[in-house]
Amino acid sequence: MKLFISHRHTFTAGVLLVAGSLFLHDLHLYPQLGASGAALLAFLRLCLLAIPFACGMMIARRLNFHRGLRSVLWLLWFLFLPYTIYSVAEIRHVAEACRLETGAYTEVCVYDLWALYPVFIYALTGLLVYVFSVLQVATATFRRSSPKRWFILGLTLFVAFASVFGLYSRMNVWNAVLHPELFAAEVLATLGAPNFLFNVVVFFLFTTALTFTLHRLFYRAERFIFPKDKS
């Protein structure tokens, strides 16, 4: 009996891996939440990654949706996409996972070395979801390379700004709808915060470079792994 592993099996296993990693990530960092609280927080993090992923797939497939529903999909995708890059900044929690208690640097995270993987998987998942979703939507929306590149650059600039703003202000996207005046005031206040614009530029440059680099790597890997039959 042959063991057949389909794309659906692989995708399901990947989702379970990410979900489990998020649970361990939150349980280790916030033990006061308990198992139920960590599971709830992990589920929220997973939803914040799943929403732009799912909306991007539906937009790219050009399903026969009503114009109003398509507008909602675009809005949700646009608003929740920054959370994918925001998750990359979760790497900063390594400082909490590897608390320096004994004063000996070499002993940091030796006994809890496993705690590095959930943080890394969370950040990597967010980056891959961003690249996959953006490239999928951009390819389905634009036929020519030039507008496609400008679309990706503009979107990456917005996501870099929004993710860094979220870290500085601790505000969420729904605050822009529920409390627009407060949200606008917070944006203006954050613009003058130390190193804010510098961090936005760095996030933009790194995310842009990774997006286009991964795009070419995905393309080359697909041609290498699944070569076309020339016979």
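Contact here means heavy atoms within 4.5 Å. The model on screen is predicted.

**Stop 1: F53**

Select F53, which lies in helix α2. Setting aside neighbours within four places in sequence, show what F53 touches: F11, V129 and F132 are in contact with it.

**Stop 2: α2 against α6**

The crossing of α2 past α6 is left-handed.

Which residues of α2 meet α6? On the α2 side, pick R45, L49, P52, F53, G56, M57, I59 and A60. Their counterparts in α6 are Y122, T125, G126, V129, F132, S133, Q136, V137 and A140. Coloured by class, this contact of α2 with α6 shows 11 nonpolar residues, 5 polar and 1 charged. V129 and F132, already selected at the first stop as contacts of F53, belong to the α6 side here.

**Stop 3: α1 against α6**

As α1 passes α6, the crossing is left-handed.

For the contact itself, select L17, V18, S21, L22, L24 and H25 in α1. Then select P118, V119, I121, Y122 and T125 in α6. By class, the contact of α1 with α6 has 8 nonpolar and 3 polar residues, and no charged ones. Y122 and T125 meet α1 here, and both were also in the list of α6 residues that meet α2.

**Stop 4: the cavity**

Rolling a probe the size of a water molecule over the atoms shows where empty space is left. How many cavities of 30 Å³ or more are there? The count is 1. The largest cavity holds about 30 Å³ of space.

To find its lining, select L24, H25, H28, L29, W114, A115, P118 and V119. Two or more of the lining residues come from each of α1 and α6, and α1 gives the most, with 4 residues. The lining of the largest cavity divides by class into 6 nonpolar and 2 polar residues, with no charged residues. L24, H25, P118 and V119 in this lining also take part in the contact of α1 with α6.

**Stop 5: the second largest pocket**

Clear the selection and turn to the second largest pocket, which holds about 640 Å³ of space. Start from Y83, Y86, G166, M171 and N172, the closest to the pocket centre of the 29 residues that line it.

Then show the helices around the second largest pocket. At least two lining residues come from each of α2 (34-60), α4 (82-86), α7 (145-169) and α9 (180-191). Which helix supplies the largest share of the lining? α7 does, with 6 residues. Colouring the lining of the second largest pocket by class gives 20 nonpolar, 5 polar and 4 charged residues. With α2 among the helices that supply this lining, the tour returns to the helix that holds F53.

Key:
Residues are numbered from 1 along each chain as its sequence is written. This is a predicted model: local features need pLDDT of at least 70, side-chain atom pairs count only at pLDDT 80 or more; totals for chains, interfaces and linings use all residues. Side-chain values use heavy atoms; hydrogens and water are left out. A crossing is left-handed if the near helix is turned anticlockwise from the far one by less than a right angle, and right-handed if clockwise. Ala, Val, Leu, Ile, Met, Phe, Trp, Tyr, Cys and Pro count as nonpolar, Asp, Glu, Lys and Arg as charged, and the others, Gly among them, as polar. On a 1 Å grid over the protein atoms alone, a cavity is a set of points where a 1.4 Å probe fits but cannot get out, and a pocket is an open set with protein on both sides within 12 Å along at least five of seven lines; lining residues have an atom within 4 Å of a point. Grid points are joined across faces, edges and corners, and a volume is the space filled by probe spheres set on the points.
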